[in-house]
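Dear colleague,

Please find below the structure that I am handing over to you. My notes on what was found in it follow directly after.

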Amino acid sequence: MTPLLDLENLHVFYGASQALFGVSLQVREGQAVALMGRNGMGKSTTIATACRMLPLRTGAVRFAGRDISAAPSFRAARLGIGLVPEGRRCFPNLTVTENLIASARPGPWDLARVQGFFPRLAERTHQLAATLSGGEQQMLAIGRALMTNPRLLVLDEATEGLAPVIRQEIWAAITKLKADGLSILLVDKTLSEILPFADHCVILERGAVAWQGQPEALSADIATTYLGV
Amino acid sequence: MDNLRKEWLLNALLAGALFAVPLWAWMANEPFIITLATRIAILAIAAVGLNIALGLGGMVSFGHALYLGVGGYVAGIAAYHAFNGTTVMGLPGTNQMLPIWGVAMVVSGLVAGIVGALSLRTSGIFFIMITLAFAQMGFFFTLSWPAYGGEDGLPIFMRNQFPGLNTARPWELFLVAYGVLLVTLALFAMLRAARFGAALMAIRQNPDRAAAIGISPFGIKLVAFVLSGMITGLAGAMMADLTRFVSPAMMAWTMSGELIVIIILGGVGRLFGPVAGAAILVGFEVFFGGLTEHWKLWLGLVLLAVVLFARGGLIGLIAGRAQNG
């Protein structure tokens, strides 16, 4: 079976400095893959490359069997990669509803379903995104990605900097999405929250895959070596 | 009272005043005031067009006079051939506003499509300069086009007609302009509330972020730019009929500036910003123009004050910050 997302041997540069040295990873349909590693190891670069926001020198990005290595980012999003960017990145001067409908594409996820999924968003339809709390903005960013009816949800540090209660709420939401069969690629740092959730873990070290496997196989030794925990 | 309700009240007040004042003038037999109101309505239509590109899309077009002029020349040329009984490119002229408006919108839409496709590859100062350059090309083209008057312009001997109304009468022409203004305002409101409007505003705020979630910035901006040009072109055809004259001056860069000034005075991106701005501009022209030849100096000072202290224009001053800033 062809994987949904297939990153093959990515070599990516920021100007003259190389950030990725041959990263390869796959996300299969219905699978939740966690991308891990310390700061500066290439997690966000890998995400940005998969979402076609960075050019790649060599290698290939394939999504649902199509080569999108040279596609612009909006094409990747329309094919079904729903990005929830790091730091949320909502449109501050648009209302909650406008944020949600701006990039909406037809499918099972519509305004009513997103509002049902995150009731807090339903209470704040005409509020500007800039006036939402961090957790609400995170829900908005996830809701916005769901409105594009993605086949793969990409979450970059979705719980970073949020209060513990809100983190739990976000994790519960993501877990529900996974149970519904949505494929997920996520970047996160909190091992205790990732391990019960992910089907497959990939650890990056200096722009290359250092280890990958099932979460059960991730021993304390490996965690100490690559994640420093 | 919250700002949203204040804005609706202000909008209703502006729409009401723009109707009530000429109505009074009609009953008091003051045709000059009716014509002024018609001018405000038509300038407001042109500015509603620009407001789609500038207000919603953040595209500072410094060449929208081009579409005003294209629309004006379509009306002038159609009337000219209808009057002479000659044909243009195998087509007879016409003195009917409705087909003229259709052609004016199609032609200005085509021109905006070409200009937009080329200019939207740039942004910022380069976008401003390239749109200006295209408008100047139009200006000098009409200036050196002797078939339709060249720099002397092209008079429209008989005002074009609208079914069921006598457009030679100022009040009935005003009704036409007012009706079209309401339709374009409704179109603007619908556009802003739709997914298209949200996507356009998202691109204005951050094009890369918009692209990352599946919005193609170029395509959406181009469609908005074409729509914008079409509405301004429609206003141009009406403007030509109001003054019964079309000349290269309609495409002059000062006219492009005037449209931007209208939007800034009224409120960028606000539904009734163009109406408020056009009323202020024409009001200044009439009242201060009667007192001094140098009325533009005072307009300049007001513009300066608005830009420095009231960035939301008149609407922003009264109804607070835009909900969609």
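In this predicted model, the largest nonpolar core holds 175 residues, and the members that touch the most others are A:V154 and B:I45. The greatest contribution to this core comes from helix α2 of chain B (residues 31-56), which supplies 17 residues. As background, nonpolar side chains in soluble globular proteins tend to be buried together.

Apart from its neighbours within four places in sequence, A:V154 is in contact with A:I47, A:A50, A:C51, A:I81, A:G82, A:L83, A:V84 and A:L185. A:V154 is also one of the residues of strand β7(A) discussed next.

With strand β6 of chain A (residues 81-84), β7(A) pairs in the parallel sense over 4 bridges; here A:L155 of β7(A) stands opposite A:V84. With strand β8 of chain A (residues 183-187), β7(A) is joined by 5 bridges, again in a parallel arrangement. In that pairing, A:S183 of β8(A) is the bridge partner of A:L152.

These strands belong to an open sheet of 6 strands in chain A, with the order β6-β7-β8-β3-β9-β10 and mixed pairing. The edges are taken by β6 and β10 (208-213) of chain A; each has a single partner strand, so one side of each is left without a neighbour in the sheet. On average, neighbouring strands of this sheet are turned by 20° against each other, direction ignored. Towards the β10 end of the order, strand β9 (residues 200-205) of chain A and β10(A) pair in the antiparallel sense over 5 bridges, and A:Q212 in β10(A) is the bridge partner of A:V202.

Helix α6 of chain A (residues 134-147) lies across β6 and β7 of chain A and runs at about 170° to β6(A). Helix α7 of chain A (residues 164-179) packs on the sheet and touches β3 (32-36), β7 and β8 of chain A, its direction making about 150° with that of β8(A).

Chain A also has an open sheet of 4 strands, in the order β2-β1-β4-β5, with antiparallel pairing. Here β2 (17-27) and β5 (66-67) of chain A stand at the edges; each has a single partner strand, so one side of each lacks a neighbour in the sheet. Strand β1 (residues 5-14) of chain A is joined to strand β4 (residues 58-63) of chain A by 5 bridges. Within this pairing, A:L7 has A:V61 of β4(A) as its bridge partner, and A:L5 stands opposite A:F63 in β4(A). The antiparallel strands β4(A) and β5(A) are joined by 2 bridges, with A:R62 partnered by A:D67 in β5(A). These two strands form a hairpin with 2 residues between them, and A:A64 in the turn has a positive phi of about 50°. Helix α1 of chain A (residues 43-50) lies across β1, β2 and β4 of chain A, running at about 115° to β1(A).

Turning to the meeting of the two chains, 17 residues of chain B are in contact with 23 residues of chain A. On the chain B side, the elements that give two or more residues are α7 (195-205) and α8 (207-212) of chain B. The largest share of that side, 6 residues, comes from α7(B).

B:P155 is partly exposed, with 16 other C-beta atoms within 10 Å. Leaving aside neighbours within four places in sequence, B:P155 is in contact with B:R244 and B:F245. B:P155 and B:I33 are 122 residues apart in sequence and 23 Å apart in space, C-alpha to C-alpha.

As to confidence, the model scores ipTM 0.83 and pTM 0.90. Chain B has a mean pLDDT of 93, and 98% of its residues reach 70 or more.

With kind regards

Notes. Residues numbered from 1 in each chain as written. Chains lettered and ligands numbered in written order. Predicted model: local features only at pLDDT ≥ 70, side-chain atom pairs only at ≥ 80, totals over all residues. Pairing = 2+ DSSP bridges. Contact = placed C-beta atoms within 7 Å. Axes fitted to C-alpha atoms, helices over the stretch in contact; angles between N-to-C directions. Core = buried A, V, L, I, M, F, W, Y, C linked by C-beta atoms within 7 Å. Buried ≥ 20, exposed ≤ 12 C-beta atoms within 10 Å, placed from the backbone. pLDDT = per-residue confidence, 0-100.
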